[in-house]
Amino acid sequence: MTGPEFLQQLINGLTLGSLYALIAIGYTMVYGILRLINFAHGDVLMAGCYIAWYGVVMFHLPWWAALAGAMALAALLGVLIDQGAYRPLRQAPRISALITAIGISFLLENLGLVVFGGRPKAFVRPEVFNHIYQWGELRVLSLSVWVPVITAVILAGLVFVIYRTRTGMAMRAVSRDMSTVQLMGIDTNRVVALTFALGSALAAAGGVFWAMKYPQINPLMGVLPGLKAFVAAVLGGIGNVVGAMLGGMILGLAEILLVALLPEMAGYRDALAFVLLIAILLLRPTGIIGEELPE
Amino acid sequence: MRRILLIITVLLLAAPAVPAATVAGPVKIGVILPITGPAAPYGEAALQGIRLAHEHQPTVLGRPVKLLVADNRSDKIESSSAANRLIQRDKVAVIIGPLSSSTTMAAGPVAEKAGVPLVTGWATNPVVTRGKKYVFRTCFIDPFQGRVAANFALRDLGAKTAAMLIDNSRDYSVGLAAFFQRAFVAGGGKIVIKSLYGAHDQDFSAQLGAIKSKNPDVIYLPGYFPQLPLIIRQAREMGLKQPFLGGDAAQADEVLKIGGQAVEGLMLTTHFDESGATTAAGKRYAAAYRAKHKKAPDAMGALGYDTYMIVLAAIAKAGSLQADKIVAALEATQGFAGVCGMTNIHGHDAVKPAVILKVKDGKYVYVTTVEP
C-alpha cells in the first residue's frame with residue numbers, strides 16, 4: 001500500500017469513527033447518569049432521521065431547521081420513553097429496565113415499519129456538505145471534515161454542561177446515588193428527563209449526519225450504528241463522554257484498516273467490533289479512560 | 001300441485017350439486033416475497049407483476065385463484081417459516097417465490113419436504129434447484145448471466161482488467177461473481193482485485209480505496225439494493241471514474257433515487273425491458289403495466305407475471321392440484337412465449353434471453369438482448 005493510499009484510508013477511518021463517536025456520546029451519557037444501557041438509542045436515531053426527512057421533503061425546510069426540528073422532537077420522544085417505560089421501573093432491578101429497553105427498541109422499529117413503510121427512502125445531502133476537497137491523490141468530502149468538528153463542539157458543550165453548571169452537578173450527583181440526592185432536595189425525575197432529552201437529541205443529530213453520509217434511511221437503520229456506538233462507548237469507558245469520542249475513533253479506524261490491510265477478512269468487520277468489545281471487557285472492564293465504579 | 005312439488009323437490013335436490021363445484025373452493029397459490037426489509041423494492045415490483053397476471057387470468061380448472069401473500073422481511077429464517085405457514089395452515093397448492101437466492105435456499109427445502117411445488121421467478125443462483133424434485137425457477141441462472149456480463153465487458157466495453165466487489169453474505173453475489181470471473185478470464189481478461197463487503201455495511205471507503213489503487217478498466221458489482229447505490233456514490237466521491245457493471249439486482253427505482261447523478265452510466269444484465277420485448281405477451285404486459293402504474297415496467301414485475309402464468313399453465317395441463325402432476329407439467333414447459341421472451345424449462349431451470357440496460361438521464365435504457 002502506498003503512502004497516499006494509506007493516508008486516504010486513515011481519513012476514511014476517522015470519518016467513520018467520528019460518526020460512531022457522535023452517536024456514542026448520547027449513548028454513554030444516559031448510561032453514565034442512570035446506569036441503564038438504552039438499547040432504544042439507535043431507534044431514536046432512526047426516528048430522528050425520519051423527522052428530518054419529512055422536514056426536508058414534505059415541508060421544504062432548510063437542512064439546519066430540519067436538523068433542529070429532528071433534535072427537538074427526538075428529545076421529546078426520549079422524555080416520553082423515559083416517563084412511560086423507564087420511570088415506573090426506577091426502583092426495580094437493573095435487568096428489568098434493560099429488558100424494557102430492548103422491548104422499546106423493537107416497538108420503535110416495528111412502529112417505524114408500519115408508519116414509514118419498509119421501503120428505504122433517499123436522504124438529501126445539503127450542498128454545504130457535498131463539496132469534495134482534493135489534495136493530490138487525497139479526496140475528502142466536506143461532510144467528513146464537518147462531522148468531527150461538530151462532534152468536538154458538541155463534546156465541548158457537554159463537558160461544560162456536566163462539569164460547570166448546576167444542572168451538570170445535579171446530573172453527576174444523580175449518577176452517584178439517586179436516593180441520597182433526592183434527600184438533598186434535587187428533583188431527580190427532572191434531571192433524568194433532561195438527560196434523556198439531551199441524549200436523544202444527540203442521537204437524532206448523529207443519525208442525521210449518518211444519513212447524510214450514507215444517504216438512505218429505513219426503519220431498521222438504527223440497529224447497527226446503535227450497536228457499534230455501544231461498543232465504542234464501552235471501549236472508551238462507558239459513562240464517560242470523552243471516552244465515547246475516543247472509542248468511536250478507535251473503532252472506526254480499526255474497521256477501515258482491517259478491510260484495507262486484510263481485504264479477505266472484510267466479512268469479519270462486524271465481528272471485529274464485537275471481538276474488541278469482548279477483549280476490553282476481559283482486560284479492562286472500565287474501558288480506556290473509564291473511572292472505577294463506586295462500590 | 002303435485003307437479004310443482006316435484007319440481008321444487010328436484011330443484012332442492014339439484015341445488016347442492018351446483019355449489020358443489022365451488023365447495024372445492026378457490027385454488028390457493030402462496031406467494032413469498034420481501035415486502036419489508038432491504039429487498040422490499042424488488043418484492044413490491046415482483047408483486048405488481050403477479051397481481052397484474054392474476055387480473056388477466058383469475059381462474060384455473062374452472063375455479064378462482066386466490067393469492068396468499070406472505071412477507072419474508074428479506075430474511076432467510078422468515079422465508080422458511082413463511083413456507084411452513086403457507087403449506088401447513090393455508091394448504092396452498094403451489095408456492096411462488098421467494099425472491100433472492102439465499103431466501104429461496106431457505107424456503108426450498110421446506111417445500112421439498114412437504115412435497116409442495118415451489119416456483120421462484122427471481123433466484124438465479126444455480127444451487128437453488130439442485131437435487132430438488134419440487135423446486136423450480138422461471139428465470140435464467142447465473143452461469144449464463146455472468147457470461148453475458150463478462151462478454152459485454154470484454155467486447156463492448158473493451159475492458160482488459162476488472163475489479164469485483166462482492167457482497168460476501170449473499171449466495172447471489174458470490175455465485176455471480178465467480179461465474180463472471182470464469183468467463184472474463186476465459187475471454188482473456190484479468191481480475192485485478194476482488195473486494196468483499198457484508199449485507200449490513202454502509203461504508204465502503206476501504207474497499208473502494210483498494211480498488212482505486214489497482215485502476216481496473218471496469219468494476220463488476222453483482223450487488224443488491226441498498227448497498228449498490230451507496231457504493232457507486234462513494235466511489236464517485238472518491239474519484240473512481242470506471243464504469244460499473246451489475247446484475248439483475250441493480251434494477252430498482254430506489255437505485256436511481258438514492259444513486260442520483262452517481263449511477264449515471266451504470267450497466268446491468270437483466271431479464272426484461274419493454275424496448276427489447278419480442279413477444280406479444282411482452283408488449284401487452286408493458287402496455288398494461290404502464291396503464292396501471294404510470295411508469296416503465298421493470299424486470300422483477302415481468303418475471304412475476306411470467307411465473308404466475310407458467311404456474312397456471314402447468315396446473316391447467318396437470319388437470320388437477322396433485323403436486324406430482326404439476327411437477328411433471330412444469331418439467332415439460334417448452335416454448336412458453338412469456339413477457340421475458342421464449343422460455344424453456346430444462347431440468348428445473350429456465351433457459352431464456354438476457355437483456356443489457358444502462359442508466360441514462362435517471363432512467364434504465366435498453367442496450368441489447370443476448371439470446372441463450
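Angles under 35 degrees count as roughly parallel, over 145 as roughly antiparallel, 65 to 115 as roughly perpendicular, and the rest as oblique. I wanted that rule at hand before looking at a helix pair in this predicted model.

**Helix pair in chain A**

I looked up α3 (residues 63-86) and α8 (residues 188-213) of chain A, and they pack at an angle of about 140° with axes 7 Å apart. By the rule above, α3(A) and α8(A) are therefore oblique to each other. I also checked the hand, and the crossing of α3(A) and α8(A) is right-handed. On the α3(A) side I noted contact residues including A:Ala70, A:Ala74 and A:Gly78, and on the α8(A) side A:Phe196, A:Gly199 and A:Ala203 are among them. I sorted the contact of α3(A) with α8(A) by class and got 16 nonpolar, three polar and one charged residues.

**Where chain B touches chain A**

I found 29 residues of chain B in contact with 26 residues of chain A. On the chain B side, α3 (40-56), β8 (190-197), α8 (205-214), α9 (227-237) and α10 (253-259) each supply at least two residues. The largest share, six residues, comes from α8(B). By class, I read this side of chain B as eleven nonpolar, twelve polar and six charged.

**Chain B overall**

I see 13 helices and 16 strands in chain B. Its C-alpha atoms fill a box of roughly 100 × 40 × 35 Å along the principal axes. For 372 residues a compact globule would have a radius of gyration near 21 Å, so the 23 Å of chain B agrees. I get 57% of the 372 residues in chain B as buried. Of the chain B contacts with a separation of 6 or more, 68% join residues 24 or more positions apart.

Definitions and conventions:
Residues numbered from 1 in each chain as written. Chains lettered and ligands numbered in written order. Predicted model: local features only at pLDDT ≥ 70, side-chain atom pairs only at ≥ 80, totals over all residues. Contact = placed C-beta atoms within 7 Å. Helix = DSSP H or I, 4+ residues; strand = E, 2+ residues; numbered from the N terminus. Nonpolar A, V, L, I, M, F, W, Y, C, P; charged D, E, K, R; others polar. Axes fitted to C-alpha atoms, helices over the stretch in contact; angles between N-to-C directions. Left-handed = near helix turned anticlockwise from the far one by under 90°. Rg over C-alpha atoms; globule rule 2.2 N^0.38 Å. Buried ≥ 20, exposed ≤ 12 C-beta atoms within 10 Å, placed from the backbone.
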